[in-house]
Amino acid sequence: GAGPVTSTHRQRRHVHSNREDNSQSYTQSRTAGLRTMTIALVFCQTFLTTSNAIPSSTLQMRPRLGLERTPGLMRSPSNHPGRIPMMLAGSQNEGMLRLRGGGWFDYSTFGLSDKELKAIASLREKLGTILTDAAQQNPDLDTDDRLIRLLRVHDLNVGKTVPLFKKMLKWRAEVKADKIRDDIVKHFSDRFWDMPCIPHKQKFRRFYFYEPFHALDPKGDLVSIECTGAIRVRRFMRAVSEKDVMIFWTYIMEWNMYKLALLSRKQGRLANMAQVKDLAGLNFVQASSKAGMNRFRKVNRFMHECYPECLSSLTLINVPNIFGALWRAFRPLLPPKTISKIAVIAGNEDVQRKALLKLLPATDPVVKNAGADDMYVQRVDEEGAGRLAAAALAKLGVMGLGVVCVRKLLAALGVRLRERAAQAEGEKQKSS
C-alpha cells in the first residue's frame with residue numbers, strides 16, 4: 001500500500017538491491033570465469049600433451065660416415081674405399097643404425113646409448129611378424145630412427161611401446177598414410193606448399209597460416225612457424241571437414257618425417273623440429289570454437305601416437321597477458337624436461353626478438369618484425385586475393401544476381417511508364 005516507509009521496508013529494499021548487485025557481479029564473474037577456463041583448456045591441450053612429443057634429452061652428436069647396405073655385407077661408399085667391410089649380424093648389423101632411405105650409422109656417434117640400442121632390438125623381437133608385415137607396405141616403419149622415437153615416449157619401456165606401435169598402424173590405415181607417404185616421396189620439395197599432391201591446398205592456404213620449413217636453427221633442427229592468433233578457427237572449421245583436416249595433417253607429418261630423415265642422414269644425428277607459434281590476435285571467440293577444439297584433440301592424439309618425439313622446442317611469442325598468467329600457474333604441474341623445452345614469451349617487441357634470436361639470425365624477417373604475421377599471413381592473402389575474390393563472386397552469384405535485379409527494375413519501370421501513358425490518354429479523352 002501507500003503506508004509509511006518503515007525500517008523493515010528499508011531493510012527489504014536493501015536486501016533486494018544487494019541481490020541485484022550480487023546477481024550482476026555473479027554474471028560478470030561467470031563470464032570471466034568461462035573465458036579463463038576456455039583459454040586454460042587451450043593451454044592444457046597445447047602444453048600438457050606436448051610432453052610426449054619432446055625428446056628426453058638434447059642430443060650433442062658428431063657427424064659420422066654412413067654405410068650402404070648390400071645383401072650380406074656392409075661396404076663403404078665409393079669415395080671411401082679404405083673402409084673395411086663388415087658382416088651383418090642377423091637382421092641388425094651390430095653397432096650400426098638402420099636409417100630411413102637406406103644407409104647405416106654408428107649408433108654411439110649418432111647419439112644413442114647402449115640401452116637404447118638394446119631396446120630397439122628387443123622391440124623388433126616383440127613385434128615379430130607385425131613389424132615384418134608393416135615394413136612390406138612401408139619400409140620406413142622398420143628403421144631405427146623411427147623406432148627410437150616410439151620407444152622414447154615411454155622411456156624405452158618395450159612392453160608399453162608395442163601397443164603404441166599397434167595404435168600407430170591403426171591410425172595409418174584409417175588415413176591411408178602409406179599412400180600419402182608415397183605421394184610425398186614422389187613430389188617431395190623443401191617447400192611444402194609447392195607440392196602439387198596436397199588435397200584442398202588453396203583452401204588450407206587461405207585459412208591456415210603455417211610454414212613447416214622456415215629455417216634451420218643453430219643445432220640444425222627444422223624451424224616451423226604457425227601464425228596461431230591469425231587463424232579464424234570458426235570460418236576454417238566451416239570450410240573443411242574433419243576428414244579433410246586429418247588427411248591434411250597426415251601430409252604435413254609425412255613431409256616432416258621425410259625431411260627430418262634427410263637432415264638426420266646429412267648431420268649424423270637424430271634431427272628434430274623447433275616450432276614457433278605466434279599468438280598475436282588470439283581471442284576468446286576463436287579459442288572457444290567447439291568444432292575446433294574437438295578436431296584439435298583428435299589431430300593432437302593422432303600426432304602423438306603416429307609421430308612422437310619429433311619436437312625439440314616450442315616457443316610461443318606475442319602471448320596475451322592472461323595466457324602468460326596461466327603459464328605461470330600451470331608451470332609447476334609440468335615435468336621438468338617439458339618445461340625446459342617450452343618458452344612462453346610475453347612482452348614488448350625487444351623481448352620477442354631476444355627469444356627468437358635463440359632459433360633464428362638477426363636478419364630473419366620474423367626476428368625483425370618480432371612476429372610472423374607480416375611474412376606469412378599477408379603474403380598468403382596477397383597471393384590468393386584475386387583467386388578468392390573470383391571464387392566468392394562465383395559462389396554468391398553476384399553477376400547473376402545483378403542481371404536479375406536489373407531485369408526486375410526495367411520491368412517495374414516499364415509497368416510504371418505504361419500506367420502513366422494510360423492515365424494521360426484517359427485525361428486527354430475527358431478534356432476532348
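How many helices and strands make up the secondary structure of the protein chain? In this predicted model, the secondary structure of the protein chain comes to 18 helices and 10 strands. Some totals for the chain are collected below.

| Property of the protein chain | Value |
|---|---|
| Share of the 432 residues that are buried | 45% |
| Share of contacts between residues at least 6 apart in sequence that join residues at least 24 apart | 72% |

The largest nonpolar core holds 93 residues, and the members that touch the most others in it are Phe192, Phe248 and Trp249. Helix α10, which spans residues 242–267, contributes 12 residues, the largest share of this core. When neighbours within four places in sequence are left aside, Phe192 is in contact with Ile198, Pro212, Phe248, Tyr251, Ile252 and Trp255.

Helix α10 also packs against another helix. Two packed helices are described by the distance between their axes and by the angle between those axes. The axis of helix α7 (residues 177–187) comes within 9 Å of the axis of α10, and the two cross at roughly 55°; α7 is therefore oblique to α10. The contact involves Ala177, Ile180, Arg181, Asp183, Ile184 and Val185 on the α7 side, and Ile247, Thr250, Tyr251, Glu254, Trp255 and Tyr258 on the α10 side. As for handedness, the crossing of α7 and α10 is right-handed. Tyr251 and Trp255, both part of this helix contact, are also among the residues in contact with Phe192.

Notes: Residues numbered from 1 in each chain as written. Predicted model: local features only at pLDDT ≥ 70, side-chain atom pairs only at ≥ 80, totals over all residues. Heavy atoms only, no water. Helix = DSSP H or I, 4+ residues; strand = E, 2+ residues; numbered from the N terminus. Buried < 20%, exposed > 50% of the residue type's maximum accessible area, 1.4 Å probe, protein only. Contact = heavy atoms within 4.5 Å. Core = buried A, V, L, I, M, F, W, Y, C linked by side-chain atoms within 4.5 Å. Axes fitted to C-alpha atoms, helices over the stretch in contact; angles between N-to-C directions. Parallel < 35°, antiparallel > 145°, perpendicular 65-115°, else oblique. Left-handed = near helix turned anticlockwise from the far one by under 90°.
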